[in-house]
Amino acid sequence: PAAATTSVDDALSSSSPMDQQASAQALDAFIGASGPSSSKAVQVETRMTTTVNAAVYSEFFVAGGLGLLTIFAFCVLASQTTRCVADWYLTVWTSAKSPPIANLGGYVGTYGLLVAIVAVFGTLRAMTFTKYVSTASANLHAKMLHSVLYAPLSFVESTLLGTIMNRFAKDQENLDYLLPVVMFDLVQYISLLIGALVLQSVFLP
């Protein structure tokens with residue numbers, strides 16, 4: 001390789017200035033022809049600033065499984081209903097006029113049973129939701145990995161490696177940690193709001 005490089009340098013140095021200029025122009029033309037075309041083939045990563053499409057949420061819900069989603073919805077409904085019943089029973093207990101000591105155990109036992117049922121359904125709700133979101137995240141990760149592994153060669157050539165890594169790293173982290181917390185708080189606050197509205201409409205029509 002050193003001898004070949006020396007011979008090329010000797011040939012360029014021994015050539016006339018016009019030949020050297022023609023060679024430089026030909027090299028510039030070759031680089032200009034190959035450079036922009038290859039850069040245009042690569043897709044630049046962009047950030048979306050608009051709202052998330054409803055199809056994205058539906059894809060997440062379907063990935064978790066409709067069976068687990070149904071069980072989770074039932075646990076949310078049962079937990080909030082039992083909690084409303086416990087709050088109503090507490091108002092009945094406190095509004096009673098000097099209940100006898102004999103009935104005190106009945107009030108405490110009934111209210112304690114309702115609180116225990118609320119705790120059971122609340123635990124089942126949390127466990128079902130954790131299983132649901134972990135299943136959805138795993139299914140979406142497996143689907144994304146399958147799409148990348150079986151993607152055509154044009155996708156590999158036109159997509160930057162950093163773009164693919166961001167999908168499997170930062171976006172997957174948000175899907176695993178950030179989205180479940182926000183979604184669980186949203187469901188909990190909505191159920192509390194509906195329960196409060198139902199109690200207010202029953203006792204204060």
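Trainee: What am I looking at, experiment or prediction?
Mentor: A predicted model.

Trainee: OK. How many helices and strands does the protein chain have?
Mentor: Eight helices and zero strands. Read from the N terminus, the order is α-α-α-α-α-α-α-α.

Trainee: What share of the residues is buried?
Mentor: The protein chain has 205 residues, and 19% of them are buried.

Trainee: Let's go to the rings. How many aromatic pairs are there?
Mentor: The structure holds six. One of them joins phenylalanine 60 and phenylalanine 61. Their ring centres are 6.3 Å apart, and their planes stand at 65 degrees.

Trainee: Why is that pair called edge-to-face?
Mentor: Because the planes are at 65 degrees, and an angle over 60 counts as edge-to-face.

Trainee: Those two are neighbours. Are they buried or exposed?
Mentor: Phenylalanine 60 counts as buried, at 4% relative accessibility. Phenylalanine 61 is partly exposed, with 33%.

Trainee: Which residues form a cluster with them?
Mentor: Phe60, Phe61 and Tyr132 make up one aromatic cluster.

Trainee: Give me another pair. What does phenylalanine 72 do with phenylalanine 129?
Mentor: They form a tilted aromatic pair. The distance is 5.2 Å centre to centre, with 40 degrees between the planes.

Trainee: Which helices hold them?
Mentor: Phenylalanine 72 lies in helix H4, residues 66-95. Phenylalanine 129 lies in helix H5, residues 101-149. So the pair ties together parts that are 57 residues apart in sequence.

Trainee: Buried or exposed?
Mentor: Both phenylalanine 72 and phenylalanine 129 are buried.

Trainee: Where does lysine 131 sit?
Mentor: In helix H5. Lysine 131 counts as partly exposed, at 49% relative accessibility.

Trainee: New topic, helix H3. Where is glycine 64, and is it buried or exposed?
Mentor: Glycine 64 lies in helix H3. It is buried, with a relative accessible area of 3%.

Trainee: What does glycine 64 touch?
Mentor: Leaving out residues up to four places away in sequence, glycine 64 touches Tyr132, Thr135 and Ala136. Tyr132 also belongs to the aromatic cluster with Phe60 and Phe61.

Trainee: How far is glycine 64 from serine 137?
Mentor: 7.5 Å, C-alpha to C-alpha. In sequence they are 73 residues apart.

Trainee: And glutamate 59?
Mentor: Glutamate 59 is found in helix H3, residues 54-64. Its relative accessible area is 36%, so glutamate 59 is partly exposed.

Trainee: Which residues is glutamate 59 in contact with?
Mentor: Leu140 and Lys143, leaving aside neighbours within four places in sequence. The C-alpha atoms of glutamate 59 and leucine 140 are separated by 8.7 Å. Along the chain, those two are 81 residues apart.

Trainee: Back to H5. What about alanine 119?
Mentor: Alanine 119 is in helix H5. Alanine 119 is partly exposed, with a relative accessible area of 42%. Alanine 119 and arginine 83 are 9.3 Å apart, C-alpha to C-alpha, and 36 residues apart in sequence.

Trainee: Last one, helix packing. What numbers describe two packed helices?
Mentor: The angle between their axes and the distance between the axes.

Trainee: What are they for H7 and H8?
Mentor: Helix H7 covers residues 161-168, and helix H8 covers residues 170-203. They pack at an angle of about 10 degrees, with axes 3 Å apart. H7 and H8 are therefore roughly parallel to each other.

Trainee: Which residues meet there?
Mentor: On the H7 side, Asn166, Arg167 and Phe168. On the H8 side, Lys170, Asp171 and Gln172. By class, the contact has one nonpolar, two polar and three charged residues.

Definitions and conventions: Residues are numbered from 1 along each chain as its sequence is written. This is a predicted model: local features need pLDDT of at least 70, side-chain atom pairs count only at pLDDT 80 or more; totals for chains, interfaces and linings use all residues. Side-chain values use heavy atoms; hydrogens and water are left out. Axes are lines fitted to C-alpha atoms, for helices over the stretch in contact, and angles run from 0 to 180 degrees between N-to-C directions. Helices (H or I, at least four residues) and strands (E, at least two) are DSSP runs, numbered from the N terminus. Angles under 35 degrees count as roughly parallel, over 145 as roughly antiparallel, 65 to 115 as roughly perpendicular and the rest as oblique. Contact means heavy atoms within 4.5 Å. Ala, Val, Leu, Ile, Met, Phe, Trp, Tyr, Cys and Pro count as nonpolar, Asp, Glu, Lys and Arg as charged, and the others, Gly among them, as polar. Rings of Phe, Tyr and Trp (its six-membered ring) pair if their centres lie within 6.5 Å; planes under 30 degrees apart count as stacked, over 60 as edge-to-face and the rest as tilted. Buried means under 20% relative accessible area, exposed over 50%, partly exposed in between (1.4 Å probe, protein chains only).
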